[in-house]
Amino acid sequence: MRRVVRQSKFRHVFGQAVKNDQCYDDIRVSRVTWDSSFCAVNPRFVAIIIEASGGGAFLVLPLHKTGRIDKSYPTVCGHTGPVLDIDWCPHNDQVIASGSEDCTVMVWQIPENGLTLSLTEPVVILEGHSKRVGIVAWHPTARNVLLSAGCDNAIIIWNVGTGEALINLDDMHSDMIYNVSWNRNGSLICTASKDKKVRVIDPRKQEIVAEKEKAHEGARPMRAIFLADGNVFTTGFSRMSERQLALWNPKNMQEPIALHEMDTSNGVLLPFYDPDTSIIYLCGKGDSSIRYFEITDESPYVHYLNTFSSKEPQRGMGYMPKRGLDVNKCEIARFFKLHERKCEPIIMTVPRKSDLFQDDLYPDTAGPEAALEAEEWFEGKNADPVLISLKHGYIPGKNRDLKVVKKNILDSKPTANKKCDLISAPKKTPDTASVQNEAKLDEILKEIKSIKDTICNQDERISKLEQQMAKIAA
């Protein structure tokens with residue numbers, strides 16, 4: 001598997017941990033025995049599930065807030081049981097979902113500059129699972145569509161804008177679901193389950209499209225993710241408890257396209273996939289290394305590239321979306337590795353001598369714009385991600401907050417569902433006054449938007465000046 005004499009621009013990917021002062025220190029990382037990554041990142045924030053007495057909580061830190069984190073730093077703490085999984089919305093960098101042992105999913109709006117007070121009121125509480133919720137995953141292209149999976153072996157797909165459960169897949173899994181992954185345009189999901197099956201499901205038709213029994217023979221947890229070309233990549237264990245990885249074609253799942261055995265460690269391999277470069281990074285829980293592989297169309301299809309090793313084992317791992325990377329440094333991936341008491345960014349770069357934009361490393365990537373509205377997707381439409389160029393770096397758009405307020409989960413739809421715990425929105429009576437109120441609301445929204453735009457611009461300016469100061473100081 002390792003004897004490769006093959007041309008690839010990723011043969012010499014170079015991984016490096018940042019200096020101590022750029023880590024996030026003194027964080028009590030959650031000790032829950034659950035195989036999620038415990039960390040979620042986007043171009044603005046890093047969120048980390050932490051130990052909390054009397055309920056569940058997670059930290060949300062602006063990326064620049066490095067160093068020692070004070071014990072009194074505000075948290076997101078509305079759950080009554082430990083938080084098991086968190087996921088940032090791909091279409092709004094201030095919205096995050098969390099699943100918990102208290103059987104609920106909560107969606108939170110993080111203030112633009114981070115938390116100044118602890119956040120206890122979610123924008124909406126999604127109730128429908130009868131056991132703890134261990135998986136949350138946003139739809140990659142449709143706004144406000146969120147999937148959750150619980151230990152009741154059910155998968156629920158929610159329209160977060162109205163707080164309703166629109167699809168409930170509760171009879172497809174006979175045992176615990178280990179993970180769920182959307183495909184590139186969000187028309188299918190694949191799941192790995194404790195019954196050793198990998199299933200490919202069409203959630204809107206509520207039918208299983210493909211299924212493989214005993215994808216990996218071992219009893220320990222598996223993972224399955226969709227690749228950009230529609231194939232499915234899995235990690236699991238052999239009967240002899242050796243860790244394996246495999247590649248499958250959902251159209252014919254009799255035999256894997258490729259199957260490799262790795263080692264005999266017992267940590268679950270969490271796969272992180274970059275569709276732009278076709279690289280898969282495998283981070284084992286309890287390992288102190290990140291292995292990476294390139295997926296190609298030629299045999300053996302899964303090509304081992306290299307391993308990044310460090311001394312400390314990882315408790316969890318966050319993975320930055322492509323638009324959050326520094327293209328000027330040829331950075332192709334950034335991980336946020338959780339230790340017992342800290343979070344350490346690890347930067348993966350492809351060494352290049354030129355200072356020019358490397359367009360072969362950075363093809364157009366999925367941007368923050370949603371390709372579909374929730375209603376369109378539930379009606380049967382599909383759309384690929386809306387791509388953006390990273391040539392001039394990623395700058396957060398100016399119109400994105402407007403979507404939060406008008407169409408997203410926030411203030412404008414209190415009538416959609418009585419269960420929605422929307423932020424103390426006034427109850428309106430359907431009379432002429434409500435029309436005037438709506439006109440006033442529009443005016444206020446416009447004003448909020450212009451103020452937010454100004455703040456956003458000033459934020460960018462401040463961060464540029466801080467970078468210049470850091471360079472001068474260095």
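The dialogue below goes from the whole chain to sheets, cores, cysteines and backbone details.

Q: What kind of model is this, and how are residues numbered?
A: This is a predicted model, in which local features need pLDDT of at least 70, side-chain atom pairs count only at pLDDT 80 or more, and totals for chains, interfaces and linings use all residues. Residues are numbered from 1 along each chain as its sequence is written, and side-chain values use heavy atoms, with hydrogens and water left out.

Q: How many helices and strands are there in the protein chain?
A: Both are DSSP runs numbered from the N terminus: helices are H or I over at least four residues, strands are E over at least two. The protein chain has 3 helices and 32 strands.

Q: Which radius of gyration does the protein chain have, and which would a compact globule have?
A: The radius is taken over C-alpha atoms, and the globule rule is 2.2 Å times the number of residues to the power 0.38. For 474 residues the rule gives a value near 23 Å, and the protein chain agrees with it at 22 Å. The C-alpha trace spans about 75 × 60 × 45 Å along its principal axes.

Q: What share of the residues count as buried?
A: Buried means under 20% relative accessible area, exposed over 50%, and partly exposed in between (1.4 Å probe, protein chains only). Of the 474 residues, 54% count as buried.

Q: What share of the contacts with a separation of 6 or more comes from residues 24 or more positions apart?
A: Contact means heavy atoms within 4.5 Å. Such residues account for 54% of those contacts in the protein chain.

Q: How do strands of a sheet pair?
A: They pair through backbone hydrogen bonds, either parallel or antiparallel. Here two strands pair if DSSP finds at least two bridges between them.

Q: How many bridges join β9 to β10?
A: There are 5 bridges between β9 (residues 95-100) and β10 (residues 104-109). G99 has V105 of β10 as its bridge partner.

Q: In which order do the strands of the sheet with β20 run?
A: The order is β20-β21-β22-β23, an open sheet of 4 strands with antiparallel pairing. At its edges, β20 and β23 (258-261) each pair on one side only, and the twist averages 15° from one strand to the next. Strand β21 (residues 232-237) is joined to β20 by 4 bridges, and I225 stands opposite F233 in β21.

Q: How many residues does the largest nonpolar core have?
A: A nonpolar core is a set of buried Ala, Val, Leu, Ile, Met, Phe, Trp, Tyr and Cys residues joined through side-chain atoms within 4.5 Å. The largest has 40 residues, and those with the most contacts inside it include I27, V60 and F336. Among the elements giving two or more residues to this core are β5 (56-62) and β29 (331-338), while β4 gives the most, with 6 residues. Leaving aside neighbours within four places in sequence, V60 is in contact with residues including F45, Y73, W88 and L115.

Q: What is a disulfide?
A: A disulfide is a covalent bond between the sulfur atoms of two cysteines. Here the rule is a pair of cysteine sulfur atoms within 2.5 Å, and the count comes to 0 disulfides. C23 has its nearest cysteine sulfur, that of C343, 7.6 Å away; C23 is buried, at 0% relative accessibility. For C151 the nearest cysteine sulfur, that of C103, is 9.1 Å away, and C151 is buried at 13%.

Q: Where is F38, and is F38 buried or exposed?
A: F38 lies in the loop between β2 (24-25) and β3 (39-41). F38 is not a glycine, yet its phi is positive, about 65°. With a relative accessible area of 2%, F38 is buried.

Q: Where is K214 found?
A: K214 is in the loop between β19 (207-212) and β20 (223-226). Phi of K214 is also positive, near 50°, but K214 counts as partly exposed, at 47% relative accessibility.

Q: Which residues does a cis peptide bond join?
A: The bond joins S299 and P300, with omega about 5°. P300 sits in the loop between β26 (289-295) and β27 (302-309).

Notes. Axes are lines fitted to C-alpha atoms, for helices over the stretch in contact, and angles run from 0 to 180 degrees between N-to-C directions.
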